[in-house]
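Okay, everyone, thanks for coming.

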Amino acid sequence: MARRIFITGYGIISCLGDNMEENLASMLQSRAGTRRLRHIDSFLRDEVLVGEVHHTYGELFALAGIEPAEGFSRNALLGIIAAREAYGHARMREHPELLTGLISATTVGGMDRCELYYTDFLSNDTRNIYIDSYDCADSTEKIAKLLGIKDFVTTISTACSSAANSILLGARMIRSGKLDRVLAGGCESLTKFHLNGFNALKILDKAPCKPFDRNRAGLNLGEGAAYLALESEESLNITGITPICELAGWGNACEAFHQTASSPDGIGAYLAMKQALDMSGLQPDSIDYINAHGTGTDNNDLSEGRAIEKLFGNRIPAVSSTKPFTGHTTSAAGSTEAILSILCLQHKVIWPNLNFSEQMEELSFSPVCELMTNARVNAVMSNSFGFGGNDTSLIFKQVNK
Amino acid sequence: MAWINGIGIISPQRTVESKEFLPEVMEYTADFLKCIEPGYRSYIDPIQSRRMSRLIKMGIASAKISLADAGCRSEAETQPWRDAIPDAIITGTGLGSVEDTEKIISEITVEERFLNPTPFIQSTYNTISSQVAIQLKCHNYNSTYVHRTFSFESGLIDGLMQIEEGTARNILAGAIDEMTLNHLHITRRIGQWKMQPTHNLSVLDSGTPGALAGEGAAFFTLGSEKQASTYAELTDVATCINLDGSYRHENFLPVFLKRNGLEINDIDIVILGLNGDSNHDPHYRSFAALFFPETAQAWYKHLCGEYHTATGFGLYVAANILKRQVYPEILHLNNVKPANLNNILIYNHFRNINHSFLLLKSMEI
């Protein structure tokens, strides 16, 4: 029997709030956190709607619990805030004898400072301390150093599914016996770099995004960080922690179709969800809720919707995308939405898909539009799909007593 | 463990065009060692490759060479790659597509409005893994690791776990990074590289700070089964992080070897990541002096330069030594002649923070 993987804590910062309580409160009030861009100087400032964390770069140091210092990217600060919360929530400081790893994810890495100082990088020595903070490993190592995590540290980048793959790797490392506990997730800060990249691809909605809507017009980018604490059953016997839920299944598949577009039939999405479901041993109708990747782009929602239809047939679970709340936090989306899905298990709620009005012609189902309370939620699926067709699906379920 | 069944490697040495193992050594006096690229026509449709950046082309070509080397490819181009679908494609890259990333930053620093989306599409780190998947029409597991000198090693750890889990029989694991003049210029500011053109073969005598930079693209076909093309057994891979200065080789290395049924004395060659940086080479010297004073010591970064995934070149070297049972002189760091060529340990470190170990055994034992 394969080792079971349990979730023992989490931490999150997003445009909805600085910690898990604030994020939950905002979700329960069906209040989106997106707004006009404030912290980046860009021509897109008055045009796009974004899920920007409501703090300046300088303010984040206090939230991260560190003295302002040179060399920190906004990305690393977001990562530290959420990772520290998860670490505390899961009491990971206790039992240092347990093998503990950090698996983080990011794609734009420290680009937020790099794009500000790039001209200096090329011409003078004034910003040298930020040269090292440009790459993807920098935020991970800053988190690991602060929290004293040293048994395994790495960084994953599979674009918008990155953080889901961190959770997947963490689970596999625990299952294989290499680690007892893992802090897994991702961080991403908004940058002029990828705002412009997505804008050039013409997939940014200037208005609040409308996933799965017939008239959807693209995505709203977001930023944030989210980490989950994973622990083995043996480890729980030592720590005595009561787990929040169980990670019952995971799947990773590739579209192998196009660098930025998903295939019309959603083959990657289907395979990832199917693998996760098969591993969980659950029947399709045991899945009570799918937190969809649901970006609001033409392409994703059609492809994902078709894949859901193919897997679940005419018994499609409640589906919604929470990206209208948080914006698309790219490399942090996988862990952000894993936490939002776990909140559904804990609070017996199903999140609404904000801004939806008209069903897509091509699909047989519509997403959930109003907050559902006192719902039956024993198992949830969280989807994360990325550029390059890197698709990952995770299933969390209630711990069987 | 897994068997190394195929290798495709594009490097500053003639590793593509020759079936020999380091037949003629390329000498350079340069700011960085640049890859000798193959003609891509035999690997990528020219219409597709026109839009691809150099890194992606190197990635696809080395992946296909690796699969062909492992016999995973039918020779007839009419049925290309039919039997070549790996169960996982995993890439390690420290910096991804530096060239595309620089294009975007340079452009948006001046004017945001007219950005061409192509460099953005190619700039994401997972482009190599996903482009290889697209070429092979491979829907299986696909991931990318981006943690400095842990990037390739993390991918190998992932791949070995899949073979051990029994979820994969064939895995394509890559190590790929590129250097550009801008990136070299910027990272020279923080002491990473030699400040002047340097002769690669005498880099160890430089006595100055900074390494000689390089680049490379290597893909390894790892299998659960030994076959005719097999080079060696990739026994184990480990990464050790030393962020607080508390890491000690003495506590780790004997345990690592022991879990693989070996002791220090069983290592026939230790391959060190020496790169000519007077700040960091002493660490390799003391490591070798402490554990391997009487062992054959080798190095390879004079052939490929330093980059985050340079251990890919190290693995190519080790696998060939074991398969061919030859120990070319160009690799020798000391005069010890190994009695056997059975067990090789590759050790690498980055700034005494990221330490990694790759252990290989020959097929015969």
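Let me start with what I mean by a contact: two residues are in contact if their C-beta atoms, placed from the backbone, lie within 7 Å. One caveat before any numbers: this is a predicted model, where local features need pLDDT of at least 70, side-chain atom pairs count only at pLDDT 80 or more, and totals for chains, interfaces and linings use all residues. On labels, residues are numbered from 1 along each chain as its sequence is written, and chains are lettered from A and ligands numbered from 1 in the order in which they are written.

So, the two chains. For the classes, Ala, Val, Leu, Ile, Met, Phe, Trp, Tyr, Cys and Pro are nonpolar, Asp, Glu, Lys and Arg are charged, and the others, Gly among them, are polar.

Now chain A by itself. There are 12 helices and 12 strands in chain A. Its radius of gyration is 20 Å, close to the 21 Å that the globule rule gives for 401 residues, so chain A is as compact as a globular protein of that length. That radius is taken over C-alpha atoms, and the rule is 2.2 Å times the number of residues to the power 0.38. The C-alpha trace of chain A spans about 60 × 50 × 40 Å along its principal axes.

Chain A splits into domain 1 (5–239) and domain 2 (249–397), with bounds from an automatic or database domain assignment. Their C-alpha centres lie 21 Å apart. Across that boundary, 57 residues of domain 1 of chain A touch 55 residues of domain 2 of chain A. Which helix gives the largest share of the domain 1 side? That's α6(A), with eight residues.

And α6(A) turns up again in helix packing. Helix α6 (residues 162–175) of chain A packs against helix α12 (residues 333–347) of chain A at about 70°, axes 5 Å apart. That makes α6(A) roughly perpendicular to α12(A). Axes are lines fitted to C-alpha atoms, for helices over the stretch in contact, and angles run from 0 to 180 degrees between N-to-C directions. Under 35 degrees counts as roughly parallel, over 145 as roughly antiparallel, 65 to 115 as roughly perpendicular, and the rest as oblique. The residues of this contact divide into five nonpolar, four polar and no charged.

The contact takes 49 residues from domain 1 of chain B and 34 residues from domain 2 of chain B. On the domain 1 side, α6(B) supplies the largest share, seven residues.

Notes
Helix = DSSP H or I, 4+ residues; strand = E, 2+ residues; numbered from the N terminus.
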